[in-house]
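Me: I am new to this structure and would like to go through it by asking what backs each description. Please set the values against the cut-offs as we go.

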Amino acid sequence: MHDSHHHTRIDEETARFWDERYGQSERIWSGRPNPHLVDVAGRLPAGTVLDLGCGEGADAVWLAGQGWRVTAVDVSSTALDRARVAATEAGVTPRVEFRRHDLTRDFPTGTYDLVSAQFLQTPLEFPRLDVLRAAARAVAPGGRLLVVEHGEFPPWATDHHRHPDVHFPTPQETLDGLDLAPADWETERLDAPRRTATGPDGHTGELVDHLLLVRRR
Ligand SMILES: C[S@@+](CC[C@H](N)C(=O)[O-])C[C@H]1O[C@@H](n2cnc3c(N)ncnc32)[C@H](O)[C@@H]1O
């Protein structure tokens with residue numbers, strides 16, 4: 001009973017798309033935590049954190065290792081299985097809970113000292129601003145929302161990937177879309193940092209990310 005109820009909250013097409021994406025190789029992502037998350041969270045006292053679209057769990061495992069109590073969600077059970085293994089290998093299972101959630105259908109309950117959305121980007125239809133607004137509502141008083149997204153195609157993107165109609169929302173556009181009351185929220189970062197990264201072909205290139213960090217007063 002409980003299980004069938006749960007399944008209505010997952011869009012099977014979305015789950016299938018991401019399970020297939022993850023199924024294409026034994027590991028899709030680097031296994032290293034995202035550098036902007038490390039930079040931001042590394043300066044904060046450990047508390048509770050919600051990781052949205054946690055993938056194979058590198059951020060969640062790193063956060064747990066820093067003493068955070070982590071709730072990490074993703075729609076892909078393939079990704080979550082890998083994340084659980086990574087947490088076990090790192091010895092951090094008591095501090096991290098991985099849960100399957102389709103953020104287009106529902107949102108985790110509770111409030112958190114940090115809500116993190118790292119490259120929560122998908123080629124499927126996705127109510128991005130609705131999800132990010134729900135993310136802001138899940139921030140505890142004094143807590144923060146960190147959104148990091150691609151700001152440009154990576155240099156190694158093929159022409160096939162460079163759809164001319166793709167728009168990478170600027171941090172300001174994201175902030176405007178969140179519609180946060182300035183009396184209740186302070187903007188701590190709103191920028192487009194560059195970093196060097198290695199692409200799938202082994203070549204390094206410069207990436208532009210879009211970063212938004214807001215704090216609930
Ligand atoms: C580009 S990956 C980023 C993964 C990870 N945060 C990182 O930075 O490496 C996007 C992630 O969002 C997840 N995702 C996509 N649509 C989702 C949805 N509707 N609900 C929950 N997770 C979703 C995917 O399964 C994937 O793991």
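Me: How many helices and strands are there in the protein?
Reply: This is a predicted model. The protein has 7 helices and 8 strands.

Me: What makes the protein as compact as a globular protein of its length?
Reply: Its radius of gyration is 17 Å, and the globule rule gives 17 Å for 217 residues; the two values are close, so the protein is as compact as a globular protein of that length. Along the principal axes, the C-alpha atoms fill a box of roughly 45 × 45 × 35 Å.

Me: How much of the protein is buried, and what does the word require?
Reply: Buried means under 20% relative accessible area. Of the 217 residues, 45% are buried. The accessible surface comes to about 11,500 Å², and carbon and sulfur atoms hold 50% of that surface.

Me: What share of the contacts joins residues at least 24 apart?
Reply: The share is 70%, counted among contacts between residues at least 6 apart in sequence.

Me: How far apart are the mean positions of the positive and negative charges?
Reply: They are 5 Å apart, for 24 positive and 34 negative charges.

Me: Which residues does the "Methyltransferase" annotation cover?
Reply: The UniProt record, an unreviewed entry, gives "domain: Methyltransferase" for residues 49-143. Such annotations may be inferred rather than shown by experiment. In the model, that stretch is 34% helix and 28% strand, with its end C-alpha atoms 9 Å apart.

Me: Why is Thr71 called buried?
Reply: Its relative accessible area is 10%, and the cut-off is under 20%, so Thr71 counts as buried. Thr71 lies in strand E2. Leaving aside residues up to four places away in sequence, Thr71 touches Val49, Leu50, Asp51, Glu97, Arg99 and Tyr112.

Me: What covers the buried residues of H6?
Reply: The cover includes E1, E4, strand E5 (139-150), H7, E6 and strand E8 (204-216). The buried residues of H6 are Arg128, Val131, Leu132, Ala134, Ala135 and Ala136.

Me: What makes the phi of Phe119 worth a remark?
Reply: Phe119 has a positive phi of about 55 degrees although it is not a glycine. Most residues other than glycine have a negative phi. Phe119 sits in the loop between strand E4 (112-118) and helix H6 (128-137).

Me: Is Phe119 buried or exposed?
Reply: Its relative accessibility is 18%, against a limit of under 20%. Phe119 therefore counts as buried.

Me: Which phi value does Asp179 have, and where is Asp179 found?
Reply: The phi of Asp179 is positive, near 55 degrees, and the residue is not a glycine. Asp179 is in the loop between helix H7 (171-178) and strand E6 (185-191).

Me: How do you know whether Asp179 is buried or exposed?
Reply: Exposed means over 50% relative accessible area. Asp179 has 67%, so this residue is exposed.

How values were computed: Residues numbered from 1 in each chain as written. Predicted model: local features only at pLDDT ≥ 70, side-chain atom pairs only at ≥ 80, totals over all residues. Heavy atoms only, no water. Helix = DSSP H or I, 4+ residues; strand = E, 2+ residues; numbered from the N terminus. Rg over C-alpha atoms; globule rule 2.2 N^0.38 Å. Buried < 20%, exposed > 50% of the residue type's maximum accessible area, 1.4 Å probe, protein only. Contact = heavy atoms within 4.5 Å. Areas by Shrake-Rupley, 256 points an atom, 1.4 Å probe, with all protein chains shown as cover. Lys, Arg positive; Asp, Glu negative; His and termini not counted. Charge placed at Lys NZ, Arg CZ, Asp CG, Glu CD.
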